Amino acid sequence: MTVIGPTVGLERPAEGSLFEYLASVAPPPGATLARALEELPKIQVLEGRVSFRDRARGEAFALDGIGATLAAAGSDRLHLALRVNGGRWQHGEHVLAVGPSEFEGTFDGPDLSVTTTRLALGRSRLAASGRIATLTSAPQAVLDVQATAALEDLRLVLPALPPTGTLTVKGQLTGTLD
């Protein structure tokens with residue numbers, strides 16, 4: 001199945017929480033990855049767009065030119081490839097360019113093997129690969145990470161940083177993502 005040009009817009013009102021609702025959604029009883037793959041073996045999205053506005057925090061983002069493929073990779077594995085051509089992230093009065101960015105990985109039951117992750121935000125870049133185990137409860141991550149962050153980009157969320165400079169990080173991220 002191919003979907004061309006889908007647009008998704010989400011908004012979190014200042015007085016409520018969209019995240020609480022999304023976190024409460026559970027799969028139907030008896031749902032398994034293998035059963036879902038039998039019913040719909042491949043989904044492809046071309047030229048998608050996603051936008052989100054958080055009125056409570058004064059943030060918004062929009063991602064354009066989204067391409068994604070979700071396909072069976074064996075009897076109980078699911079391969080995901082995602083690419084974002086561009087977009088923007090707004091935090092208060094500050095706006096940063098997003099993209100191009102890409103992700104490639106495989107779901108194996110509750111685990112995710114991350115083959116490639118490349119993110120671009122403003123002049124900052126992040127690359128990661130590794131594994132996240134038990135996505136469904138207390139995910140355990142082991143990711144090799146390499147990042148170069150422009151301090152002017154980081155100042156959007158950490159205003160105490162110096163106005164210019166670069167932070168470079170190379171290492172392994174391990175622990176529970178909760």
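Guide: Asp111 is buried, at a relative accessible area of 17%. Buried means under 20% relative accessible area, exposed means over 50%, and partly exposed is in between, with a 1.4 Å probe and protein chains only.

Visitor: Before we go on, what kind of model is this?

Guide: It is a predicted model, where local features need pLDDT of at least 70, side-chain atom pairs count only at pLDDT 80 or more, and totals for chains, interfaces and linings use all residues. Residues are numbered from 1 along each chain as its sequence is written, and side-chain values use heavy atoms, with hydrogens and water left out.

Visitor: Back to Asp111. With which residue does it form a salt bridge?

Guide: With Arg131; the closest N and O atoms are 3.1 Å apart. Asp111 is in strand E8 and Arg131 in strand E9, so the pair links distant parts of the chain, 20 residues apart. Strands here are DSSP runs of at least two residues (E), helices are runs of at least four (H or I), and both are numbered from the N terminus. A salt bridge needs a side-chain nitrogen of Lys or Arg within 4 Å of a carboxyl oxygen of Asp or Glu.

Visitor: Is Arg131 buried, exposed or partly exposed?

Guide: Partly exposed, at 33% relative accessibility.

Visitor: How many salt bridges does the structure hold?

Guide: There are 6. One of them joins Glu11 and Arg55, with the closest N and O atoms 2.4 Å apart. Glu11 sits in strand E2 (residues 7-12) and Arg55 in the loop between strand E3 (42-54) and strand E4 (59-72), so the pair ties together parts that are 44 residues apart in sequence. Glu11 is partly exposed at 42%, and Arg55 is partly exposed at 47%.

Visitor: What about Arg57 and Glu59, how do their side chains meet?

Guide: In a salt bridge, at 3.7 Å from N to O. Arg57 is exposed, at 53%, whereas Glu59 is buried, at 14%.

Visitor: Zooming out. How many helices and strands are in the chain?

Guide: The chain has 3 helices and 11 strands. From the N terminus on, the order is β-β-α-α-β-β-β-β-β-β-β-β-α-β.

Visitor: And what share of the residues counts as buried?

Guide: 26% of the 178 residues.

Visitor: Which residues make up the largest nonpolar core?

Guide: It has 9 residues: Leu80, Phe103, Leu112, Val114, Ala128, Ile132, Ala141, Leu143 and Val145. E10 gives the largest share, 3 residues. Apart from this core lies another, of 7 residues, among them Leu63, Trp89, Leu96 and Val98. A nonpolar core is a set of buried Ala, Val, Leu, Ile, Met, Phe, Trp, Tyr and Cys residues joined through side-chain atoms within 4.5 Å.

Visitor: Take Val114. What is it in contact with, leaving aside neighbours within four places?

Guide: Phe103, Glu104, Gly105, Ala128, Ser129, Gly130 and Leu143. Contact means heavy atoms within 4.5 Å.

Visitor: Now strand pairing. In which sense do E7 and E8 pair?

Guide: Antiparallel, over 7 bridges; strands pair if DSSP finds at least two bridges between them. In E8, the bridge partner of Glu102 is Arg118. E7 and E8 form a hairpin with 2 residues between them, and Gly109 in the turn has a positive phi of about 65°. Strand E7 (residues 101-108) also pairs with strand E5 (residues 77-91) in the antiparallel sense, over 8 bridges. The partner of Ala81 in E7 is Glu104.

Visitor: What does the side chain of Ser101 reach?

Guide: The backbone nitrogen of Ala120, at 3.1 Å. Ser101 lies in strand E7 and is buried, at 8%.

Visitor: And the side chain of Ser124?

Guide: That one reaches the backbone nitrogen of Ala150, at 2.9 Å. Ser124 is in strand E9 (residues 124-133) and is buried, at 11%.

Visitor: Last one. With which side chain does Thr176 make a polar contact?

Guide: With that of Gln140, at 2.6 Å. A polar contact is a pair of N or O atoms within 3.5 Å; within protein, one must be able to donate a hydrogen and the other to accept it, and residues adjacent in sequence count only if both atoms are side-chain atoms. Thr176 is in strand E11 (residues 166-176) and is partly exposed, at 37%.
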